[in-house]
Amino acid sequence: MKQRYVYVLAALLAVIGLSVFVYKWQVLGFPLSEDQEKSVWTIESAVHFDSGPGSIKVQLHVPTLTPGFRMLNENSVSRGYGFSINYGSGGREAQWAIRRADGEQTIYYRISVYEDDTVDESDTTPPFPPLPVINEPLKTAADVLVADVRDHSADTASFTTELLRRLNDPSPDPNVELLLSGANSDADFVDVARTMLASARIPARTVHGFPLGSRQRNASLVSWLEVHDGDQWLYFNPATGEPNLPDRFLVWWRGNEPLVNVEGGSNVQVDFAIQTNHLDAVAIAETQVAQRGATAVGFSLYSLPIQTQAVYAVLLMIPIGALVMVLMRNIVGVDAFGTFMPVLIALAFRETKLFWGLVLFTTLVALGLSIRFLLDRLRLLLVPRLSAVLIVVVILMMFISLASHRMGMETGLSVALFPMVIIAMTIERMSVVWEERGAVDAIRAGLGSLLVAVAAYIFMGMAWLEHLIFTFPELLLVILALVVLAGRYTGYRLT
């Protein structure tokens, strides 16, 4: 195969792996670090009311478009009530219904959200609002105020800022004072501003929400002003005229309709409570992917049973060791026995730890090599000789484990984790090199094998790398691309 075909194949593998990796990271929200946590806010609304003699129907506005936040889950607690989520003129509405109820009633709705700066949910472009019907003398005051503000502004944003500045002036002119004469609350104040904007044919609506922070037992809704400039919705603080929402402001609902409507009940009251928790980012990503119905969750290793996940957490690190082996052999030029023997030995080092692993491995090879030289005098054929070496290795493992246990060294019990066949083949290979090329070459290759095994152990033991490969197994395609490129390298080695 020509060189350019190898480059094309490697590039294709790398692009596919990196594309899936970026999609899962940026879109699905899988974290890059294993200990990464996200703040999750749980907002609970409690609707209290007294039931009437007949059927009851409750409608509560709930979040629909929440820029800067993504919903994790939502649920309702209401004994005996039927529950559903519907869409109304003001967005989503939670609806409860029951044929009959007695006494005081309390219905709970709970939603959990977390910050996500990639969420920029834009609403539809509204039509120009009709001129509001305003009775005299308020109509004349509104016309004069709108005309004066228009003369001192250049666009929708500056018009809104100037209007709010005048409405909040501590010493308002007579027109503003007349218009605000009936505004007894913040919501009424925002309604006056919205009416003035409608008089200027500017689409506007009231936004209700919460600035999320620490735990709040009795949270109060805050009214904000939302204005459309022809291209997008802009947010304004009705008290200061400053643009943009405050940090961590969760939009609960939009519009001028009441928050809750109870048919068949009386003495309605709605309380809000906010609680902050910290959840594992992987769990949040899994929940979010499941809610979206994305096919990627079906191929995620986190969907496997826990025991199977533990197996793959180890197996997926073998390609990392193989890449280290390729670089050490083909680029650095370290001589070693076998192709994958150092990688498998590195896997055993993960259980025995590095120091004791080196001691146990060196002891096994040294004793096995001595036995191998003794078997040379018997002049056995290849397969029987390898079988004899394998049996000797098993016996040596057994004696080392028994001896270490008698001496109170439990580390020696981990010697059984060493791959017996690999050790037997290493002993056989080392003895052949010893006979053909001398003891120096055999010892150098043995030390090279240990060096590669130590390097592979270091990389395979990195917790962040293990999490990265397990969460994004598509990165194995990138590793495969690197191995393919290294396989065509024919230049000088570093040694």
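The exercises below concern strand pairing and helix packing in a predicted model.

**Exercise 1.** Find which strands β6 pairs with, and in which sense.

Solution. Start with strand β1 (residues 37-51): 11 bridges join β1 to strand β6 (residues 104-115), and the two run antiparallel. Within this pairing, Ala46 stands opposite Tyr108 of β6. Next take strand β3 (residues 69-77), which is joined to β6 by eight bridges, again antiparallel. Here Ser76 has Tyr109 in β6 as its bridge partner.

**Exercise 2.** Work out how helices α10 and α13 are oriented and which residues make their contact.

Solution. Helix α10 (residues 354-376) packs with helix α13 (residues 439-460) at an angle of about 155°, and their axes are 12 Å apart. Angles over 145 degrees count as roughly antiparallel, so α10 is roughly antiparallel to α13. Their crossing is right-handed. From α10, the contact uses Leu354, Leu358, Phe361 and Thr362; from α13, Leu450, Val454 and Tyr457. Sorted by class, the contact has six nonpolar residues, one polar and no charged ones.

**Exercise 3.** Describe the open sheet of four strands and the helix that packs on it.

Solution. The strand order is β10-β9-β7-β11, with antiparallel pairing. At the edges are β10 (233-236) and β11 (249-254), each of which pairs on one side only. On average, neighbouring strands are turned by 40° against each other, direction ignored.

Key:
Residues numbered from 1 in each chain as written. Predicted model: local features only at pLDDT ≥ 70, side-chain atom pairs only at ≥ 80, totals over all residues. Heavy atoms only, no water. Pairing = 2+ DSSP bridges. Axes fitted to C-alpha atoms, helices over the stretch in contact; angles between N-to-C directions. Parallel < 35°, antiparallel > 145°, perpendicular 65-115°, else oblique. Left-handed = near helix turned anticlockwise from the far one by under 90°. Contact = heavy atoms within 4.5 Å. Nonpolar A, V, L, I, M, F, W, Y, C, P; charged D, E, K, R; others polar.
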